[in-house]
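Here are my notes on the model, point by point. Please read them with the structure open.

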Amino acid sequence: MNKLGIIGAMTVEVDIIKENLTDMHCTERAEITFCEGKLKGLPVVVAQCGVGKVNAAMCVQIMCDCFNVTHIVNTGVAGSLCNELDIGDFVVSQNAIYHDFTCQAINPAYIVGQVPGLSVRFFEADEALRSAAFAAAEKIYPGHTRIGTVASGDQFVSDKAVKNQIVENTGALCTEMEGASIAHTAWRNGVPFVIIRAISDKADDSAQMDYPTFEAMAAKRCAAVTQLLAETL
Ligand code: ADE
C-alpha cells in the first residue's frame, strides 16, 4: 500500500476522517478538494466527491491521474435492500453494479447493469481490502456486517416497488449513488478498491423519514470503520 484514496459523497461522510489527518494540505481540482496527509502514518488523500455517479467517477480519475493513489476506499451511507440489514449495520462490497444502466431495448444481452463494451457487469472489489474492511467493521459493531453486492444509480430509492425491482435485477444488499461508479473507474485504472457502507434507511416508504434521522450516525460509523481499516493496512 503506497497511498490510499478515501472518497465520500458528502461532508458528513469524510469530515471526521479529514480532522484526523496529520501533515494535511489540500488542493482543488474540478471543484473537488483533495486533502493529502497521513492517517495513523498511512499516506492518504481524502475527498468529498459530491453526490452521484459522474461526480464519483471524476473524483477517482483525478485521484489516479494527479494523486497517484494505489488503492481506493469509498465510505458512506446506503439504503438497505434486505431484511437482515438494519439501520446502522454495514455492507462491505464483494462487488458493485449499476442498477439504472440498461440497453436491453437494443440487445437482450444487455441486461440491467451491463455497460455495452465492458467485459464485466459486476465490478469486483479487492479481496485483501475486503477482508480488512470486514475485520474493521466487525470490531466497530460485531455481528452486523455483510459482504455482498452494492447497487448504485442516480436515484434516491424510497419506494418499495423500485427497491424490489433493484433486488430482482442485481441481487444487491444495499443501494446508494456512487459505489459502482467508483468501482468502474478504479477497475478501468487497475486500482484495487472496496466500498464500505452503513445503512441509513430501508430504501422504501420509510426512507424519507429515516434518512435525515440516521444519516449522520451512519456516516460517522462508516468513517470510523474506514479509519480503522486505514490503520490496519
Ligand atoms: N443513500 C442512502 N440511502 C439511500 C437510498 N435509499 N437510495 C439511494 N442512496 C441512498
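1. Of the 13 residues around the ligand, which come nearest? They are Gly 79, Gln 155, Phe 156, Val 157 and Asp 201. A residue counts as near a molecule if one of its heavy atoms lies within 4 Å of it.

2. A word on the source. This is a predicted model, where local features need pLDDT of at least 70 and side-chain atom pairs count only at pLDDT 80 or more, while totals for chains, interfaces and linings use all residues. Residues are numbered from 1 along each chain as its sequence is written, and side-chain values use heavy atoms, with hydrogens and water left out.

3. A polar side-chain atom of Asp 201 is 2.6 Å from a ligand nitrogen. For Val 157, a backbone N or O atom lies 2.8 Å from a nitrogen atom of the ligand. For Gly 79, a backbone N or O atom lies at 3.3 Å from a ligand nitrogen. The ligand taken alone exposes 260 Å², and the protein buries 96% of that (Shrake-Rupley method, 1.4 Å probe).

4. The ligand sits in the largest pocket. A pocket is an open set of points on a 1 Å grid over the protein atoms alone, where a 1.4 Å probe fits, with protein on both sides within 12 Å along at least five of seven lines. To sit there, a molecule needs more than half of its atoms within 2 Å of the grid points.

5. Which elements give two or more residues to the shell around the ligand? Strands E5 (71-80), E9 (174-176) and E10 (193-201) do. E5 gives the largest share, 3 residues. Strands are DSSP runs of E, at least two residues; helices are runs of H or I, at least four; both are numbered from the N terminus. By type, the shell holds 7 nonpolar, 4 polar and 2 charged residues. Gly counts as polar here.

6. E5 also holds Thr 75. Thr 75 counts as buried because its relative accessibility is 1% (buried: under 20%). Its side chain reaches the backbone oxygen of Cys 222 at 3.5 Å.

7. Helix H5 (residues 179-188) is mostly covered, with 8 of its 10 residues buried. Among them are Ile 182 and His 184. Just after H5, Gly 190 has a positive phi of about 70 degrees.

8. Ala 207 belongs to helix H6 (residues 207-232). Its relative accessibility is 0%, so Ala 207 counts as buried.

Notes:
Buried < 20%, exposed > 50% of the residue type's maximum accessible area, 1.4 Å probe, protein only. Polar contact = N/O pair within 3.5 Å; in protein donor to acceptor, adjacent residues only side chain to side chain. 1 Å grid on protein atoms, 1.4 Å probe; cavity = no way out; pocket = protein on both sides within 12 Å on 5 of 7 lines; lining within 4 Å.
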